[in-house]
Amino acid sequence: MTYSLCCPRCGKDYEDDGRRLRCECGGTLDLRFEPSFEPGMTVGRLYDLWRYREALPVGDDVVTMGEGWTPLLPVTFDGRQLLVKQEQLFPSGSYKDRGAAVLMTHLRELGVKRVVEDSSGNAGCAVAAYAARAGIACDIYVPEDTSLAKTAQIEAYGATLHRVPGTREDTARAALEAAVTCVYASHVYSPWFLQGTKTFAYEVAEQLGWTAPETLVLPAGNGTLLLGAYLGFTELARAGIVSHVPRIIAVQAVACAPLAAAFADRLDEPVEVQGSHTAAEGIASATPARGSQVLAAVRASGGSFVTVSEQEIVASLRDCCLGGWFIEPTSAAVIAGARRFARTAALGETIVTAFTGHGLKAAAKIAELVELF
Ligand SMILES: *Cc1c(COP(=O)(O)O)cnc(C)c1O
Ligand SMILES: [Zn+2]
């Protein structure tokens with residue numbers, strides 16, 4: 001099966017050889033693919049993300065560890081109920097497994113033997129895990145200060161770890177250079193990753209009896225979950241399976257908010273920011289490559305941005321942990337944003353959000369923050 005890549009900015013098409021990252025015009029690429037999925041098709045299938053296989057542009061020989069169909073649990077904060085999808089329960093500990101499972105399935109279909117990826121953590125863990133499962137060799141580039149829990153996990157999966165001094169952008173550059181001789185399995189550039197994360201939308205819709213919630217509150221670092229969820233609900237609405245695309249509320253940390261600032265100023269591209277330190281390192285992307293797409297998706301959905309302070313992040317981490325949920329500080333930032341939105345929302349509005357990553361990945365950082373509880 002072949003699918004073409006297309007540039008939403010200039011409309012140019014490319015054949016997918018697993019190697020092209022961007023359009024000649026500089027735009028990021030999407031996949032030209034229209035699902036042939038209907039809700040009745042899931043009857044009798046396993047409860048994992050492959051139950052939506054007609055919505056996924058891959059064949060039947062999939063790279064899987066039974067991922068997906070995470071619980072959608074009501075959790076009450078400040079007297080308001082949020083529906084929180086338990087994305088920390090994935091095999092590698094974050095929702096990135098949705099994207100990695102589909103991307104690695106595709107790359108194995110192409111006959112790829114070796115990939116590189118760069119990540120501040122969880123995407124590297126997910127790609128390393130699914131590369132191991134797929135029998136594909138893997139080099140992961142991480143910033144030098146990446147936590148031991150994540151580097152240990154990446155190396156344990158058999159990937160070759162490269163620690164890069166300097167900024168997050170230096171790490172991305174090192175991976176790009178390495179990708180000249182093999183395939184760059186990028187969670188940010190590859191549209192196949194978004195084909196995986198879109199299963200978040202299919203699951204939420206099915207868990208709500210094939211309806212769409214009014215609102216989604218999701219992180220906006222590079223926007224890999226947000227863009228996937230938007231893509232999924234757009235497909236479901238176009239197919240007439242749900243009535244509308246939910247409004248998307250995108251969460252950034254005050255300390256690094258290039259998209260929230262652009263949204264406030266009605267700009268189409270992320271603004272330049274000098275990111276300062278935040279406990280929510282997973283969403284601290286100063287130069288999100290798909291930033292203009294994130295802005296367009298939030299706008300088209302009728303949504304908006306919220307920014308959360310370090311104090312709010314720690315308070316939400318505390319409240320989640322004291323409620324029994326051990327999640328990453330980055331995930332606590334998303335919950336802080338959802339609580340902020342819920343305070344102003346109409347009573348009875350259905351608000352879906354997520355615990356994006358497991359706390360065990362950030363134990364050392366949480367040990368410091370517990371002192372502030
Ligand atoms: C990757 C990640 C995010 C943010 O995702 P983006 O794609 O950068 O928007 C949030 N939480 C966790 C735990 C993550 O791993
Ligand atoms: Zn283009």
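**Reading a core, a strand and a ligand site**

Author: Of the 41 residues in the largest nonpolar core, those that touch the most other members are F200, L226, F233 and F305. The model is predicted, with local features needing pLDDT of at least 70 and side-chain atom pairs pLDDT 80 or more, while totals for chains, interfaces and linings use all residues. Residues are numbered from 1 along each chain as its sequence is written, chains are lettered from A and ligands numbered from 1 in the order in which they are written, and side-chain values use heavy atoms, without hydrogens and water.

Reader: How is such a core defined, and which element gives the most to this core?

Author: In soluble globular proteins, nonpolar side chains tend to be buried together. A nonpolar core is a set of buried Ala, Val, Leu, Ile, Met, Phe, Trp, Tyr and Cys residues joined through side-chain atoms within 4.5 Å, where buried means under 20% relative accessible area with a 1.4 Å probe, counting protein chains only. Here α7 gives the most, with six residues, and the elements that each supply at least two include α7 (224-238), β10 and β13; helices (H or I, at least four residues) and strands (E, at least two) are DSSP runs numbered from the N terminus.

Reader: Are the faces of β13 covered or open, and which strands pair with β13?

Author: In a regular strand the side chains alternate between the two faces of the sheet. In β13 (residues 351-355), five of five residues are buried, with I351, T353 and F355 on one side and V352 and A354 on the other. Strands pair if DSSP finds at least two bridges between them. Strand β5 (residues 80-86) runs parallel to β13 over four bridges, with V84 partnered by T353, whereas β10 (residues 215-219) is joined to β13 in the parallel sense by two bridges, and L216 stands opposite V352.

Reader: How many residues surround ligand 1, and which polar contacts are found there?

Author: A residue counts as near a molecule if one of its heavy atoms lies within 4 Å, and 15 residues surround ligand 1, K96, N122, N222, G223 and T224 being the closest. A polar contact to the ligand is a pair of N or O atoms within 3.5 Å. An oxygen atom of ligand 1 is 2.7 Å from an N or O atom in the K96 side chain, an oxygen atom is 2.7 Å from a polar backbone atom of G223, and a nitrogen atom is 2.7 Å from a polar side-chain atom of T356.

Methods
Buried means under 20% relative accessible area, exposed over 50%, partly exposed in between (1.4 Å probe, protein chains only). A polar contact is a pair of N or O atoms within 3.5 Å; within protein, one must be able to donate a hydrogen and the other to accept it, and residues adjacent in sequence count only if both atoms are side-chain atoms.
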